[in-house]
Amino acid sequence: MASTTPTSAHASAPHWLRWLPGLAMLRTYEPAWLPRDLAAGLVLTTMLVPVGIAYAEASGVPGVYGLYATIIPLLAYALFGPSRILVLGPDSALAAPILAVVLGMSGGDPMRAVATASLMAIVAGLFCIVLGLLRLGFITELLSKPIRYGYMNGIALTVLVSQLPKLFAIKIDDAGPLRELWWLAQAIADGKTNWYSFAVGAASLVVILFLKRFERVPGILIAVVLATLAVSVLRLDTQGVKVLGEIPQGLPTFALPWFSGVDIVRIALGGCAVAMIAFADTSVLSRTYAARTHTRVDPNQEMVGLGVANLAAGLFQGFPISSSASRTPVAEAAGARTQLTGVVGAIAVAALLLVAPNLLRYLPNSALAAVVIAAAIGLFEFKDLQRIYRIQQWEFWLSMLCFAAVAVFGTIPGICLAVVLAVIEFLWDGWRPHFAVLGRVPGLRGYHDLKRYPHAALIDGLVLFRWDAPLFFANAELFQQRLMEAVEAAPPPVRWVVVAAEPVTSVDVTSADMLRELIQNLAEDGVALHFAEMKDPVRDKLRRFELTAIFPDDCFHPTVGSAVDSYLASIGARQLED
């Protein structure tokens, strides 16, 4: 039976193909995926055209350049991007920083505006490529599953709320989901709704959701076609139903953007700023969809793919682009299987510009809103959050906090907060880690936590102490405090302290200085400090921190058992039996 999920390229693929995931995908492409990719690409086209035009205008450049910034990046990402279904293009999160630079440098000249935006795309592309080549994509691994759920649920709500005014044909300023909902409710109560538009959009949404249960039926495409025909035949555009209208003609051409009086520093700063926004948005979205489709995406290659797409956009009269949290779920909901969906979408947009610029003239905006709403509904994650609430409530509330941040403050502040929360979560686990004093349990091999085995036997004069975390600046003082408490609580006299250091994966300068102080304090009480099961890289760090003089080789033991044997031998006691 043919597989229904794309798999990674065969292990025997040439090494250079890892830089071109799109070509590598062709080695394992299955014919059964082609109808889905074609249908999804055509459905995606109905989103790419209006969104591209709208975000171009929002970025301060003529609308047709939004289509240029759609076609070229999709083709570039299909070759260099590792994600199978991620859709790149003009994005609302980038519009404000692009506009800020464009307005200040174009002087009202559209061509200067295009050149400025294209230069920003080139800078953003080079910046992302460098990040990828330096292998800085690991930053995406900071986000835990609950935090990713919170981010995506916030994105889903934001996208859904942003489309509701289009469903009712009501103009609402972008002010965050909560205020937009309030203003929308006021507008509806004031009778500003165009019910023809709402009927078209609501009917489209019902068709999409109903046909979604039939896996092989392209429900989104059917809904869009029916809505377009209804508006065209019934002339609903004369009743106030907003439609796409005519789109400009022309294809992008290669051009090196430049103009007199260019402020390259300002453009460089703006390009790096939008690159960071695109980096944050794309990395989180890519990682989330990789988890949803049970595939693995190399975050470093993701950065390279994003960079090449931006670079290509800048060289072909486009402007900075990012991944799309609204178009990607549309592609997924339409059945996309591989990067071929983006290629089909790019070719279809190009074909529309060349041969049929008026084909989508009667496509209603409310039907497009219905497509996005249906896709946003599919983004919500509730079931697994219920499981997380049941087993780890504080991580559930962490997810809710991230969700609220995105919903209230917007996507980019939400991402920033998500990263901050992830770092705090990581530091908290290392800041207050588990520790244990170990003893012997009759009939059970090894040495075990006294908290779990209160009747475990201690060895006279010996404290076995285990620290379950790396040693670093945030927990160094706590380590010293807990170890000294264990020494004070042990029956006197204590001669040795053995740290079971197998869980200690690293030390830093602060913790190394703490160990120097600790061994001096213990020595004043006649206590020797030893280590068992310490990893070689950690010992190498101790040498680099110039601690070999106070920690000679006989302070280190391969196992806890061998450390105990060495202690007993040092006091002339009989060895313990297993």
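Student: How many bridges join strand 3 to strand 5?
Tutor: Happy to start there! This is a predicted model: local features need pLDDT of at least 70, side-chain atom pairs count only at pLDDT 80 or more, and totals for chains, interfaces and linings use all residues. Strand 3 covers residues 435–441 and runs antiparallel to strand 5, and two strands pair if DSSP finds at least two bridges between them. For strand 3 and strand 5, the number of bridges is four.

Student: Which residue of strand 5 stands opposite V437?
Tutor: Residues are numbered from 1 along each chain as its sequence is written, and side-chain values use heavy atoms, with hydrogens and water left out. Strands (E, at least two residues) and helices (H or I, at least four) are DSSP runs, numbered from the N terminus. In strand 5, the residue opposite V437 is F465.

Student: Why is strand 5 largely enclosed by the rest of the structure?
Tutor: Let's look at accessibility, calculated with a 1.4 Å probe on protein chains only: buried means under 20% relative accessible area, exposed over 50%, and partly exposed in between. Strand 5 takes in residues 462–467. The strand is largely enclosed because, of its six residues, the number buried is five.

Student: In which sense do strand 5 and strand 6 pair, parallel or antiparallel?
Tutor: Strand 6 is made of residues 496–500, and five bridges join it to strand 5.

Student: Which helix does the chain pass through from strand 5 to strand 6?
Tutor: This path is a right-handed β-α-β crossover. Right-handed says that, with the strands pointing away from the viewer, the path from the first strand over the helix to the second runs clockwise. The helix on this path covers residues 476–489 and is helix 18.

Student: What is the distance between the closest N and O atoms of R466 and D468?
Tutor: Side chains of opposite charge can pair when their charged atoms come close. A salt bridge is a side-chain nitrogen of Lys or Arg within 4 Å of a carboxyl oxygen of Asp or Glu, and the count here comes to eight. R466 is partly exposed at 23% relative accessibility, and D468 is partly exposed at 27%. These two residues form a salt bridge, and their closest N and O atoms lie apart by 2.9 Å.

Student: How many residues apart are E502 and K535?
Tutor: The side chains of E502 and K535 meet in a salt bridge, with 3.5 Å from N to O. E502 is in the loop between strand 6 and helix 19 (509–524), while K535 is in the loop between strand 7 (528–532) and helix 20 (536–544). The pair links distant parts of the chain, and the separation in residues is 33.

Student: At what angle do the axes of helix 15 and helix 16 cross?
Tutor: Axes are lines fitted to C-alpha atoms, for helices over the stretch in contact, and angles run from 0 to 180 degrees between N-to-C directions. Contact means heavy atoms within 4.5 Å, and the residues that meet include Y389 in helix 15 and W397 in helix 16. Angles under 35 degrees count as roughly parallel, over 145 as roughly antiparallel, 65 to 115 as roughly perpendicular and the rest as oblique, so helix 15 and helix 16 are oblique to each other. Their axes come within 5 Å and cross at roughly 135°.

Student: What percentage of the residues of the protein chain count as buried?
Tutor: The protein chain has 21 helices and eight strands. Of its 578 residues, the buried share is 53%.
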